[in-house]
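Colleague: I am new to this structure. Could you take me through the surroundings of the ligand, step by step?

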Amino acid sequence: MKVLTGIQPTNLLHIGNLFGALLPAVTLQRDNKLLMMVADYHAITVRQDAMVLRDNILFITAAYLAAGIDPKKTILFQQSRVSAHTELGWIMQTQARMGETARMTQFKDKSGGQEDSASVGLFTYPILQAADILLYQTEGVPVGEDQKQHIEFTRDLAERFNKHFGEVFTIPQPLIRKYGARIKALNEPEKKMSKSAPSAKNYISIMDDAEMIGKKIRSAVTDSMPDISLDEKRLGVYNLLTIYHLITEEPMDEIAARYATKGSKFLKDDLAEALTLYLTPLQAEIKGWLKNKDELQKIIKIGSEAAEELAQKTLVEVKKKIGLL
Ligand code: AQP
């Protein structure tokens, strides 16, 4: 299967990005043709500082490699280096309808009620995302649950285009894992963990140290019930149990049973320790890659050239179908 996924270099990654998108991609790399994108054009839909963005692009590349993305097997590339993305993005804008684009819930979430002052790019970013996916004839897209609506939108656009102009695009499907597809914010467990959240208490960055992890996990919002139980409606507790399960692979009911009477303090202490142990080797690996920025640049350049070659094939087909060539 052909698989594509990407993460925006909007900040350091959080454990939701790791469990929801990056690690599933690493697993899929084994038996599939994977394309792993640094989604920098998406990042600029919200104002970014140029110096910070440049660093974040290299950081995310280092994180991909440290987590196990192998550039010999996988095409690891930077979206803005492949001009076909914005070209097909524009063409797909002419196919998308205002009404369906306006129904995308992420725009409402991300514009935080300030829709009039949000960028047009933030509004239309699902269309560019559709182009990202369709350019490579992608069959599967490993994403967190928040992206499911965008993949359905991509399918609709592809089907509409194929029907009107003739078959060009493969219809992709979202690949959503059972656990870890929606890690909740620690301070607001009714919302998803988000790296651009105003408070750092929202997320655990994959680079947080033991002290920071301990602080954030201990201040995680749970509820007033003294016991621990496996109940999806207990959002905060369920989120902590999910994270515990993802790092230890122990069944969630067994974890819940062990802390049933001990309560959330013990659960939080042990989770903070386990998470620190889990992230420490990944952090060392990332820091190692970041010492060799020239090598990172080289990997991105080679990957982006390979991506460009593939993307151009689809773009030429599309241009022919619509009468531009
Ligand atoms: N909380 C989450 N749980 C599981 N998966 C998640 N993803 C994001 N948040 C969670 C998945 O990570 C991938 C990359 O996301 P993105 O960088 O494109 O941006 P996003 O979805 O908007 O997530 P962020 O990290 O919260 O970014 P900001 O705050 O900058 O908008 C996607 O596959 C996503 O599903």
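Modeller: **Around the ligand**

Let us start with a backbone N or O atom of Gly-144, which sits 2.8 Å from an oxygen atom of the ligand. That counts as a polar contact, meaning a pair of N or O atoms within 3.5 Å. This is a predicted model, where local features need pLDDT of at least 70 and side-chain atom pairs count only at pLDDT 80 or more, while totals for chains, interfaces and linings use all residues. Residues are numbered from 1 along each chain as its sequence is written, and side-chain values use heavy atoms, with hydrogens and water left out.

Side chains take part as well. An N or O atom in the side chain of Asn-17 is 2.9 Å from a ligand oxygen atom, and a polar side-chain atom of Lys-192 also lies 2.9 Å from an oxygen atom of the ligand. The protein buries 96% of the 630 Å² that the ligand exposes when taken alone (accessible areas by the Shrake-Rupley method with a 1.4 Å probe).

Now step back to the whole shell. The ligand is surrounded by 24 residues, the closest being Lys-110, Asp-146, Ser-194, Lys-195 and Ser-196; a residue is near when one of its heavy atoms lies within 4 Å. By class, the shell holds 6 nonpolar, 13 polar and 5 charged residues, with Asp, Glu, Lys and Arg counted as charged and Gly among the polar ones.

Which elements supply the shell? β1 (2-7), α1 (15-29) and α6 (105-111) each bring at least two residues, and α1 gives the most, with 4 residues. Helices (H or I, at least four residues) and strands (E, at least two) are DSSP runs, numbered from the N terminus.

Key:
A polar contact is a pair of N or O atoms within 3.5 Å; within protein, one must be able to donate a hydrogen and the other to accept it, and residues adjacent in sequence count only if both atoms are side-chain atoms.
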